[in-house]
Every structure is written in structure tokens, then in C-alpha cells.
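Welcome! Please take a moment to look over the sequence and the 3D view below before reading on.

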Amino acid sequence: MAVIKTNNEIIWKRRTTKKQLAIWLAWLVGISIVLFAWSIISERTVWFFVQDAPRQAADIGGRMVPPKWSYISKLITPVWDTINIATLGTVIAMIIAVPVAFCAARNTTPHSTVRVVALFIIVSSRSVNSLIWALMLVFILGPGVLAGTIAIGLRSIGFCAKLIYESIEEIDENQVEAIKATGASNLQRMTYGILPQVLPTIAGVGIYRWDINIRESTILGLVGAGGIGLQLSASINTLAWTQVSTILLVILVTVFISEWVSAKVRGAII
């Protein structure tokens, strides 16, 4: 008995074959990129140090035990500075990020040119790491917590604004149209139609970013931007490994508490 293939079956098989070829081609390109990157890394790596790394790590680990518990009293002020840097930096970022987000959202931007500028601000902020911001600001403002606070703020603007403007674009337009039908002005539509829908997102993003900034603030001291990172850098430079282990434990506890507080507050808001 002859087997008759319809046009749909032939087309389906051709599409399947093309899809398989595309998948294999994607895998080939991906593997080629990985091998190329590995060859560059391998050429620029001193493998003698890599082979000796386990012994060095074990040696440093042994010197870090036991932690120097008496050093904790000297870390109270740096930890407080770290929390202040994260908190004030987050506040600065939210003050700037909210209007930037409204300018970036398609349904609230006053003009397409304004939206382009707002998106440029978001991308610029997110493209530069907080450590780089801190490094530049230390040269401009001098070392200290002010440089760290502004660095955290500049880094956080793009993150917060992006999440907020995406939330603004996903609001229920029916509520806005209902308010508009009553003859409300643009400001009233913004105040009563849009803002109530995005306020939980704004609050949640602010708390979430504060949690992230606590962690980022702990390393800004490595470039002189204040916080507990200053003590960490000084202890590493002087090979005071028992102090380093104490600082790392304090950072761990601080981050754990900040995550717990952030989760509780976001849960209460959302």
C-alpha cells in the first residue's frame, strides 16, 4: 500500500528540520564562544599560582581562626556608617527614580524626547557599578561616607526606576479612563488613577533596593568611601587575618538582619 504524504506533513517536517539545524547552530556558536574565551583566559593566567591556591587558602583560613572577638567593639561605628550609607543612598535614589520612572513609562511620559532622556538616565545608572561610582566620587569629594552615599544613590536610580516604570506601564487603564470620564485633569488622573496602583511597587522596590545596598555598602570602603569596608581593607593590608574573619562575620550578621527586615516589611506592604 502506497504511503501518501500531504503538503502539511511535508511542511511540518521541513520546519522541524530547520528548527533542529538552528538549535545545533546555536549550540555550535555558544561552544565556540566559550572555547575562545577560555583560550584567552588560559593564556593570561599564571597557572603556578592557581596550583598553589589550595595551600594558600588553607594557610589563610588557619590564620583566621579563632576570630578576634575583642575587635567587635571597634566595628560598631563602621557598621552604623554602612547602614547609613545604604539608607540615605536608597532615599536619594528613590527621590530621583520615581519621577524618572514616570517620564520613562509610555503611558505617563509627557513627550517621546523626555522618555529617551529618562531611559538614558536609567541605562547610565545601571551600567556603572557602585564601586566605580565610589572610586570616582572619592577623587571628587574626598574619602568618607558622603562619597559612598552618593555612589549608592547613583547606582540605585536605574535599578529602581526600571522596575517602577515597568509597573506603571502594566497598570489597569480602565481605572484611569473611569477617572478621566469624570472630567479630571492630568494631575488628578495621575494622583487618583495611576499612583495608587503603583504605590505598593514603589515601596517594595525601595525596601528591596535598601537590602541590596546594605551588601554593596560593605565593600565601598575598599576604595575609601566609608563603612566597614575601610576596616576590612586595612586588616587585609596588614595581614590581620583574625580581624578579617571577625569583620566577615559581622558583615554576615548585618546582611542577614537586613534581609530579614526587608522580607518582613515587603510582606507587610504587599
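Here is a short tour of a few residues and the places where they sit. Keep in mind that this is a predicted model.

- S217 belongs to helix α8, which covers residues 186-217.
- Leaving aside residues up to four places away in sequence, S217 is in contact with T82, I85, A86, I152 and G226.

**Backbone details in two loops**
- As background, most peptide bonds are trans, and most residues other than glycine have a negative phi.
- The bond between V65 and P66 is a cis peptide bond, with omega at about -5°.
- You will find P66 in the loop that runs between α2 (47-63) and α3 (76-104).
- L239 is not a glycine, yet its phi is positive, at about 60°.
- The loop that holds L239 lies between α9 (229-237) and α10 (241-269).
- L239 has a relative accessible area of 54%, so it counts as exposed, the cut-off being over 50%.

**An exposed phenylalanine**
- Is F256 buried or exposed? Its relative accessible area is 60%, which means that F256 is exposed.
- Between F256 and S185 there are 46 Å in space, C-alpha to C-alpha, and the two are 71 residues apart in sequence.

Key
Residues are numbered from 1 along each chain as its sequence is written. This is a predicted model: local features need pLDDT of at least 70, side-chain atom pairs count only at pLDDT 80 or more; totals for chains, interfaces and linings use all residues. Side-chain values use heavy atoms; hydrogens and water are left out. Helices (H or I, at least four residues) and strands (E, at least two) are DSSP runs, numbered from the N terminus. Contact means heavy atoms within 4.5 Å. Buried means under 20% relative accessible area, exposed over 50%, partly exposed in between (1.4 Å probe, protein chains only).
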